[in-house]
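Please keep the sequence and the model open while reading these notes. The points follow below.

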Amino acid sequence: DVAGMSVAFPIGIGLALVIGVVDNYLARPIGNSALLFAGVVLVVLAIVVNAIAYRRLPDGKSTASLKGILLSVAAGIMMGFFYGFVAKSLAADFADPAAGQLTPYAAVFVFSLGILASNFLWNSFFMYRPLAGTAVSYGDYFRMGNTRLHLIGLLGGAIWCLGMSFNILASGVAGPAISYGLGQGATLIAAAWGVFIWKEFAAAPKGTDRLLYLMFLFFFVGLAMIILARLG
């Protein structure tokens with residue numbers, strides 16, 4: 001909201017992808033490193049091309065403030081390192097966990113409790129001291145949000161948690177670095193929804209479609225290389 005998609009996406013998501021894969025690979029070096037990091041580079045390029053396409057939209061931001069850039073960097077760093085803490089809590093062998101180690105379902109449960117508890121702190125802070133927009137109160141949460149909107153929020157949380165569960169389960173075979181890298185395929189799904197469902201680029205100038213084709217090509221090839229990194 002502050003920096004615009006063309007700045008926030010390549011900085012935030014790109015930085016998170018690089019940090020997350022490197023951090024988790026150093027902790028558990030599973031898979032072909034050359035294929036893995038080459039795939040990461042292609043996914044980052046796809047994100048950059050996606051941001052360039054958004055900049056071409058009539059309402060796309062062409063400049064970003066220092067505040068927007070710093071927020072994007074902070075988001076990328078936090079998103080990049082969070083998965084490593086989850087991976088370190090997991091047992092090396094899910095079928096035979098050692099004392100003090102978690103299996104995937106236990107890890108998701110504890111992780112969800114952490115999200116629930118931290119929301120009371122961070123949501124409260126940013127509701128009353130927002131980085132963008134106007135401040136809101138807890139009364140506004142119930143007064144301005146109807147049942148449909150709240151159910152959409154709950155559905156979004158359920159979908160995200162289900163995806164996180166699958167990701168942690170896959171890390172037992174693929175390794176945390178590859179599993180985290182493939183999790184960035186969520187950006188591909190978001191881009192596909194924006195292009196084909198929400199028609200975000202319907203008013204884009206001529207030539208933007210070529211950027212979108214290039215973005216999808218980078219995404220598909222990059223994710224394929226990350227998959228092959230485990231097989232290679």
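How many of the 8 residues of α7 are buried?

1. Basis. This is a predicted model, in which local features need pLDDT of at least 70, side-chain atom pairs count only at pLDDT 80 or more, and totals for chains, interfaces and linings use all residues. Residues are numbered from 1 along each chain as its sequence is written, and side-chain values use heavy atoms, with hydrogens and water left out.

2. Helix α7. The answer is 6 of 8, so α7 is mostly covered. Buried means under 20% relative accessible area, exposed over 50%, and partly exposed in between (1.4 Å probe, protein chains only). Helices here are DSSP runs (H or I, at least four residues), numbered from the N terminus. The buried residues are Pro176, Ala177, Ile178, Ser179, Tyr180 and Gly181. They pack against α1, α2, α3, α6, α8 and α9.

3. Nonpolar core. The largest nonpolar core holds 43 residues. Such a core is a set of buried Ala, Val, Leu, Ile, Met, Phe, Trp, Tyr and Cys residues joined through side-chain atoms within 4.5 Å. Leu36, Phe201 and Met215 touch the most other members. At least two core residues come from each of α1 (5–27), α2 (33–55), α3 (66–89), α4 (104–128), α6 (147–174), α7 (176–183), α8 (185–197) and α9 (208–231).

4. Met215. Set aside its neighbours within four places in sequence. Met215 is then in contact (heavy atoms within 4.5 Å) with Ala46, Val49, Asn50 and Ala191.

5. α1 against α3. The two axes come within 7 Å and cross at roughly 25 degrees. Axes are lines fitted to C-alpha atoms, for helices over the stretch in contact, and angles run from 0 to 180 degrees between N-to-C directions. α1 is therefore roughly parallel to α3; the cut-off for that term is under 35 degrees, and roughly antiparallel is over 145. Residues in the contact include Ile11, Leu15 and Ile19 of α1 and Val73, Ile77 and Tyr83 of α3.

6. α1 against α2. Here the axes come within 8 Å and cross at roughly 170 degrees. That makes α1 roughly antiparallel to α2. Among the residues that meet are Phe9, Ile13 and Leu17 in α1, with Leu36, Val40 and Ile47 in α2.

7. Aromatic pairs. A search of the whole structure finds 11. Rings of Phe, Tyr and Trp (its six-membered ring) pair if their centres lie within 6.5 Å; planes under 30 degrees apart count as stacked, over 60 as edge-to-face and the rest as tilted. Phe111 and Trp160 have ring centres 6.1 Å apart and planes at 20 degrees, so this pair is stacked. Phe111 lies in α4 and Trp160 in α6, so the pair ties together parts that are 49 residues apart in sequence. Both are partly exposed: Phe111 has 22% relative accessibility, and Trp160 has a relative accessible area of 44%.

8. A second pair. The ring centres of Tyr141 and Phe142 are 5.0 Å apart with planes at 85 degrees, so the pair is edge-to-face. Tyr141 is partly exposed at 46%, whereas Phe142 is exposed at 60%.

9. Aromatic cluster. Phe82, Tyr83, Phe111, Trp160 and Tyr180 form one cluster. Tyr180 is also among the buried residues of α7.

10. One backbone point. Most residues other than glycine have a negative phi. Phi of Lys199 is near 55 degrees, a positive value. Lys199 is found in the loop between α8 and α9.

Key
Angles under 35 degrees count as roughly parallel, over 145 as roughly antiparallel, 65 to 115 as roughly perpendicular and the rest as oblique.
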